[in-house]
Amino acid sequence: MPLLFAIAKTTKRRAFWLSYLSGFLFFLSTLSWLVHVTLTGLIILCLYLAFYFAFFGYFFVGITKRMPAQHLGTIIFLSCLWVLLEYLRGQFLTGFSWVLVGYSQYHNIALIQFADITGALGVSFVVVFVNLCAFALLQSFIKRDFTAAAKRVFGVIVVLLAVYSYGVYSLAKYSKHADKKPALRVALLQGNVAQDQKWASIFRAPIKANYAALSREAALDNPDLLIWPETSYPDYIVDGDQGALDEIFDVVSDIERPLLFGAVLEAQEFYFNAAFLMTPTARPVQLYKKIHLVPFGEYIPFGFYRITNKEV
């Protein structure tokens with residue numbers, strides 16, 4: 001809402017650049033950890049992503065100059081516009097669908113259940129719709145248009161009542177069926193490794209030992225599957241070299257549980273963000289190479305080489 005009030009009574013050009021600045025600061029703060037991957041890539045990425053905020057601000061002013069911001073149709077249209085821009089951001093240049101507005105509700109379990117129909121973009125729509133209604137509500141109070149204010153309150157109540165009702169129903173249905181099916185016990189392990197230590201050679205052995213210890217501790221709870229984070233293995237797994245895989249297989253054999261872990265795969269001078277599934281009995285491992293890459297973090301748009309910070 002602060003952004004909406006900042007651009008509400010300005011020109012489209014000024015709204016564009018104010019929104020651009022807002023978007024740049026937003027992405028710079030939420031993605032600041034990428035500085036440990038590539039500082040140049042982080043700045044370029046934020047400069048690019050800010051344009052989606054800028055386009056919203058530009059069209060917001062253009063639309064509200066023709067249609068009052070308090071009208072329900074305007075609010076729905078602007079909410080759809082935000083969702084469209086998030087969708088385009090998730091597709092263009094292979095897409096960057098991180099930090100969508102809908103992700104802010106990850107703690108609100110009942111609210112986000114309808115994402116099984118709409119995906120995270122549907123949750124984004126609700127968040128933006130409520131904020132636009134709140135903005136319109138304050139404007140109505142300022143103009144002493146209490147009838148319009150009542151309509152906005154009613155609109156928010158209807159939308160939230162609908163999504164929460166579906167959420168409560170879905171959670172109840174899940175709980176009912178979950179009692180009838182055997183549960184899959186999964187152990188999620190997080191080594192909490194600082195980004196500036198992750199790829200430093202002097203920390204590789206301690207990180208590996210930490211994940212091995214965590215895995216052995218988790219195995220005491222008898223899980224069906226253990227999962228390490230994305231690129232959690234602090235070394236490069238070279239295609240055709242079994243040394244690193246044998247090292248992890250020793251842990252898997254010791255705990256006698258399957259392990260899903262992330263690592264960087266080096267194959268024919270290319271680097272892949274990969275996921276490996278290793279079991280105590282089956283060899284070779286199952287492998288998945290990520291194909292939806294992060295621009296400037298995992299590849300350079302319109303280039304031939306992915307960014308890496310391989311350290312010797």
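Colleague: Which residues have the most contacts inside the largest nonpolar core?

Modeller: Keep in mind that this is a predicted model. The largest nonpolar core has 42 residues, and L31, L45, L49, F56, F60, L78 and L132 are the ones with the most contacts inside it.

Colleague: What makes a set of residues a nonpolar core?

Modeller: Its members have to be buried residues from a nonpolar list that includes Leu and Phe, joined through side-chain atoms within 4.5 Å. Buried, in turn, means under 20% relative accessible area. In soluble globular proteins, nonpolar side chains tend to be buried together.

Colleague: Which elements give two or more residues to this core?

Modeller: Those are α1 (2-7), α2 (12-30), α3 (39-64), α4 (72-89) and α6 (120-142). The most comes from α3, with 13 residues.

Colleague: And what is L78 in contact with, leaving aside its neighbours within four places in sequence?

Modeller: With those set aside, L78 is in contact with F56, F60, I63, T64 and L132.

Colleague: On to charges. Why is the K208 and D235 pair called a salt bridge?

Modeller: The cut-off is 4 Å between a Lys or Arg side-chain nitrogen and an Asp or Glu carboxyl oxygen. The closest N and O atoms of K208 and D235 are 3.7 Å apart, so the pair passes. K208 sits in helix α9 (residues 204-219) and D235 in the loop between β2 (225-227) and β3 (236-238), 27 residues apart, so this pair links distant parts of the chain.

Colleague: How do you know that K208 is partly exposed?

Modeller: Partly exposed runs between the buried limit of 20% and the exposed limit of 50%. K208 has 21% relative accessibility, so it counts as partly exposed. D235 also has 21%, so partly exposed is the label there too.

Colleague: What about K208 and E247?

Modeller: Their side chains meet in a salt bridge at 3.3 Å, N to O. E247 is in helix α10 (residues 243-255) and K208 in helix α9, so the pair ties together parts 39 residues apart in sequence. With a relative accessible area of 36%, E247 is partly exposed.

Colleague: What makes R216 and D254 a salt bridge?

Modeller: Their closest N and O atoms are 2.4 Å apart, and the limit is 4 Å, so they qualify. R216 lies in helix α9 and D254 in helix α10, 38 residues apart. R216 is partly exposed at 38%, and D254 is partly exposed at 46%.

Colleague: Which residues do salt bridges that share partners join into one network?

Modeller: R204, K208, D235 and E247. The whole structure has five salt bridges.

Colleague: Last one, the second largest pocket. How do its lining residues divide into nonpolar, polar and charged?

Modeller: There are 12 nonpolar, two polar and no charged residues. The space in the pocket is about 380 Å³. α6 supplies the largest share of the lining, four residues, while α1, α2, α3 and α6 each supply at least two.

Technical notes:
Residues are numbered from 1 along each chain as its sequence is written. This is a predicted model: local features need pLDDT of at least 70, side-chain atom pairs count only at pLDDT 80 or more; totals for chains, interfaces and linings use all residues. Side-chain values use heavy atoms; hydrogens and water are left out. Buried means under 20% relative accessible area, exposed over 50%, partly exposed in between (1.4 Å probe, protein chains only). Contact means heavy atoms within 4.5 Å. On a 1 Å grid over the protein atoms alone, a cavity is a set of points where a 1.4 Å probe fits but cannot get out, and a pocket is an open set with protein on both sides within 12 Å along at least five of seven lines; lining residues have an atom within 4 Å of a point. Grid points are joined across faces, edges and corners, and a volume is the space filled by probe spheres set on the points. Ala, Val, Leu, Ile, Met, Phe, Trp, Tyr, Cys and Pro count as nonpolar, Asp, Glu, Lys and Arg as charged, and the others, Gly among them, as polar.
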